[in-house]
Amino acid sequence: MPPRALQPLEPAATPPESIRNFCIIAHIDHGKSTLADRMLGITGIVSDRDARAQYLDRMDIERERGITIKSQAVRMPWAVDGATYALNMIDTPGHVDFTYEVSRSLAACEGAILLVDAAQGIEAQTLANLYLALENDLEIIPVLNKIDLPAAEPEKYAEELANLIGGDPDEVLRVSGKTGMGVEALLDRVVERIPHPVGDPDAPARAAIFDSVYDAYRGVITYVRMVDGRLAGRERIQMMSTRATHDLLEIGVSAPEPTPTGGLGVGEVGYLITGVKDVRQSKVGDTVTNARKPAAEALAGYTEPKPMVYSGLYPIDGADYPDLRDALDKLKLSDAALVYEPETSVALGFGFRCGFLGLLHLEIVTERIEREFGLDLIATAPSVVYEVQTDDGKTVTVTNPSEFPIGKVAEVREPMVKAAILTPKDYVGTVMELCQTRRGGLLGMDYLSEDRVELRYSMPLGEIVFDFFDQLKSRTQGYASLDYEPMGEQAADLVKVDILLQGDRVDAFSAIVHRDKAYSYGVLMTERLKKLIPRQQFEVPVQAAIGARIIARESIRAMRKDVLAKCYGGDITRKRKLLEKQKEGKKRMKMVGRVEVPQEAFIAALSGDTETAKR
Amino acid sequence: MPSALPIADPAPDDGLLPASVVAGAEERRLGVYLHVPFCRVRCGYCDFNTYTGDELRGAKRTDFAGQAIAEVHLADRVLASAGLPRRPASTVFFGGGTPTMLPVSDLAAMLAAVRDTVGIAAGAEVTTEANPDSVDAADLAALAGAGFTRVSFGMQSAVPHVLATLDRTHDPARIPLVVRWAREAGLQVSLDLIYGTPGESLADWRTSLEAAIAERPDHVSAYALIVEDGTALARRIRSGALPAPDDDLQAEQYDLADELLEAAGYRWYEVSNWATSADHRSRHNLAYWTGEDWWGIGPGAHSHVGGVRWWNVKHPAAYGSRIAAGLSPAAGREVLDEESRALERVLLESRLADGMPVSRLGSSGRGEVAGLIADGLIDGRAALAGRVVLTRPGRLLADAVVRRLTPA
């Protein structure tokens, strides 16, 4: 079938009335990328031959995990009743770690397709992004995907969606990204329902940056939505937050390959290239204006990315430390939210303290370092940011338990989140129990449908980063989904638990935990280390302590035998080589006081391998 | 399966030694080791270089004495041509394998070849290993008549289920007999024991120790069982058919051995060896620990002369064909540098009751001495007197002590 719009509209000369800017809100495996691919095919901008599955997702990790990390924007022509339109599909990250980036993408749109798997129903993350979209006054088009699946229950989930956003279940479109069924009707609906952009074409140029991507060949590619005025090639532009100016080397639209144009006008979506090499010089949320005729006021909504979760990253082979530094330096170019500084650990050697937007961000960064740079890493337990007030009135910001002030602490404040958990109703009790053990306070509970419940909790972020998601998944057979958003901070009875080996603190295992949990953390870690640390020539106490007070204790019995009884006739050579090998092994040991610990033991203790092996 | 040979330099076909071996030779004694690589059955724990009938691949036991005698002649020529002084052997040791798988006349002929070439010193210690079920009174008398002074019986245990796990075939009741016959023949007696066999309890071990002590041997060796890769025992442990030896139990067993032997008048002189008096220590074994010279005759045998170590090809067939071709049977050698010699001296001498002079240690090793005394691993009085001597707990951690005493 030929595409409907045979003559696409010319960029930079498209009236706002013919433009529709929209995004797709969907859970990770609900088929967003497949649907997007299908739209590219139906609108004719990607031929079937070029159609590569999930065209818009560029990075391997994204492709494998089915997650869109970096958004892109693509311009598609479409015709309804003989009139031609330019549809800009803005791809948004789907995960809560990237809420800020999501909000900037949403701000570039007038409408959103709410895409839900017809066999699974809406998930917590989707719900969160839906809230964001409604806050941005976006027109929502509810769509059920994968209706070709035998397990699809479109009636049930259409009802659920209609309940959520108001309206009639019959209004919920039913499509299959895989077969293409219903996709044309969806494109028609986009044109019909989503308002066209509005802006002042004669005002000084203002374009909102909603994404900024590092490309090894072209430098940073900045994705913008023009709000007022226009930008043209070869102009000098200015970033309004920093006042930095750059020459525009290229301006264009993605269709879906970058296609240079004469410029961008009101309501249009496209990209800019200035030759800068670091995404920090082109920040998401910033406003681009014309350097010669700058706008008086930036667009609202810009904030600096703020790390929520910190973790120490260490190379497993200490010799890889310089390579790790290079890897972080390179990643930083494409990841404006990544922050890091050098850190040293007794247990783990030289590494970096890194700040992340959340757990997924942490996971993505470590995975990229391992995959793209070939480094083996160990990450310390994630920690959130605590504000500690001491008795003498000082406030200390603690991102690493080792920075926790020694001595009299007046108050510790920890970041809180509002967590939304969607679960089948059979698991409500289990989930509530889990949330209670994690110091959750119930905020509310709603039935989304007959058998699906949304639970809302206030919860310390520190509890979420400690294994919460895995616990939630395993206790609900994988059915529950989780989303959370920051909800300020609150004072709590938090203490730092240290783990001591023969009286010496092992920095990598210090943790800030609630006083009620201190004992169980102490017991967990001392038992783990007892199992993992080889016996020494002397007894080694393994203790957990709050300050000077010991709260848990294990002991590694002294090794009694370490001798080869016989000497193999006259084969002294073998004996000597064995000794040399043993000494090599000893060199790889980390020393904590007098205790020799193989690095693998620390790594296993951090990753909790001992318990996993038992299961 | 026999264990692998070390990886090192190739050995020259003529077996000639570098001139460096002469330095200090006057102060070193010469020993001769003869390796008889035959056994009737292979014990499941053993990775020594030995072969049963169907593993011989055409090598004949009847040819062996002649081949070994040829290597004795080679040894005599090589030692002389290196410019070494003539030193009659102060110790000769027949080990295996099971030397007594060969007729006594073969053993006697090999010993005679040593006497006729390098010579045997007056008062030399001449030992053979023997299985309790491979010798009788007449054999032992004949060995004594041929010049042997000492026999070392592979007793291993007095407990039937332990012997069965070790694949040892002899009847424990035979031990008193062979010891008596050896005494009657005028031979010194050593009994070899193994502890830590899977399934052996502390009580089992006590039984074996008491049985051994009851025979009043001059010398006792007690070795912890080591599960060597590639042995049948290792496979049975891996498959779960047998439990792995437990280090803590082995440590208790060692302590018990030392207690019972001490109480019976034996004194340790090396980590795994006890004797009733200094005269009854195995001088041949001590030569290994104190860096003397020895020539190892036979397949897979190791030699050391003046800082050069070498070892022979392992299989009796390969050994026989090299000897037949008039070539040295050595498969590889290494010439020790000063660093390796120093390391070896610490490694070996620290295992002896006589200890090692503190002066052997480098500065890092000396820095560890006080800590080792504090940890109870070396004897404080001996250290003050200038020697490193292991305490009983230290003997059990000898390898760890050596790692601390030697440079990183």
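A: One definition is needed at the outset: a residue is buried if 20 or more other C-beta atoms lie within 10 Å of its own. Please also bear in mind that this is a predicted model.

Q: Fine. Is A:Val540 buried or exposed, then?
A: A:Val540 is buried, because 26 other C-beta atoms lie within 10 Å.

Q: And which strand holds A:Val540?
A: A:Val540 belongs to strand 31 of chain A, which covers residues 540–546.

Q: Which residues is A:Val540 in contact with, leaving aside its neighbours within four places in sequence?
A: With those neighbours set aside, the contacts of A:Val540 are A:Leu501, A:Gln502, A:Ser555, A:Ile556 and A:Val595.

Q: How many residues apart in sequence are A:Val540 and A:Arg594?
A: They are 54 residues apart in sequence, and the C-alpha to C-alpha distance between A:Val540 and A:Arg594 is 9.5 Å.

Q: Let us turn to sheets. What is the strand order in the open sheet of eight strands in chain A?
A: The order is 11-10-16-7-8-15-12-13, and the pairing is antiparallel. At the edges are strand 11 (245–247) and strand 13 (258–260) of chain A, each of which pairs on one side only. From one strand to the next, the twist averages 40°.

Q: How many bridges are there between strand 8 and strand 15 of chain A?
A: Five bridges link strand 8 (residues 219–228) and strand 15 (residues 269–273) of chain A in the antiparallel sense. Within that pairing, A:Arg225 has A:Val269 of strand 15 as its bridge partner.

Q: Now helices. At what angle do helix 3 and helix 4 of chain A pack?
A: Helix 3 (residues 99–107) and helix 4 (residues 124–135) of chain A pack at an angle of about 45°, and their axes are 10 Å apart. Helix 3 of chain A is therefore oblique to helix 4 of chain A. The crossing of these two helices is right-handed.

Q: Which residues of helix 3 and helix 4 of chain A meet?
A: From helix 3 of chain A, A:Val102, A:Ser103 and A:Leu106 meet A:Asn129, A:Leu132 and A:Ala133 of helix 4 of chain A. By class, this contact of helix 3 with helix 4 has four nonpolar, two polar and no charged residues.

Q: What about helix 7 and helix 8 of chain A: at roughly what angle do they cross?
A: Helix 7 (residues 321–334) and helix 8 (residues 359–373) of chain A cross at roughly 115°, and their axes come within 11 Å. Helix 7 of chain A is therefore roughly perpendicular to helix 8 of chain A. Their crossing is right-handed.

Q: And which residues meet there, in helix 7 and helix 8 of chain A?
A: A:Asp323, A:Ala327 and A:Leu331 of helix 7 of chain A meet A:Val365, A:Arg368, A:Ile369 and A:Phe373 of helix 8 of chain A. The contact of helix 7 with helix 8 divides into five nonpolar, no polar and two charged residues.

Q: On to chain B. How many helices and strands does chain B have?
A: Chain B has 15 helices and 14 strands. Of its 408 residues, 50% count as buried. Among contacts in chain B with a separation of 6 or more, 75% are between residues 24 or more positions apart.

Q: What joins strand 7 to strand 8 in chain B?
A: A hairpin does so, through two residues. Strand 7 (residues 267–270) and strand 8 (residues 273–275) of chain B run antiparallel and are joined by three bridges. B:Trp268 stands opposite B:Trp274 of strand 8 of chain B.

Q: Last topic: how many residues of chain B are in contact with chain A?
A: In chain B, 36 residues are in contact with 24 residues of chain A. Several elements give two or more residues to that side of chain B, including strand 6 (219–224), helix 8 (247–263) and helix 11 (338–349) of chain B. The side of chain B that touches chain A has 19 nonpolar, eight polar and nine charged residues.

Q: At what angle does helix 13 of chain A pack with helix 11 of chain B?
A: Helix 13 (residues 572–587) of chain A and helix 11 of chain B pack at an angle of about 95°, with axes 10 Å apart. The two helices are therefore roughly perpendicular to each other. Helix 13 of chain A contributes A:Ile572, A:Lys575, A:Arg576 and A:Leu579 to the contact, and helix 11 of chain B contributes B:Ser340, B:Leu343, B:Glu344, B:Leu347 and B:Leu348. The residues of this contact divide into five nonpolar, one polar and three charged.

Terms used:
Residues numbered from 1 in each chain as written. Chains lettered and ligands numbered in written order. Predicted model: local features only at pLDDT ≥ 70, side-chain atom pairs only at ≥ 80, totals over all residues. Contact = placed C-beta atoms within 7 Å. Helix = DSSP H or I, 4+ residues; strand = E, 2+ residues; numbered from the N terminus. Nonpolar A, V, L, I, M, F, W, Y, C, P; charged D, E, K, R; others polar. Pairing = 2+ DSSP bridges. Axes fitted to C-alpha atoms, helices over the stretch in contact; angles between N-to-C directions. Parallel < 35°, antiparallel > 145°, perpendicular 65-115°, else oblique. Left-handed = near helix turned anticlockwise from the far one by under 90°. Buried ≥ 20, exposed ≤ 12 C-beta atoms within 10 Å, placed from the backbone.
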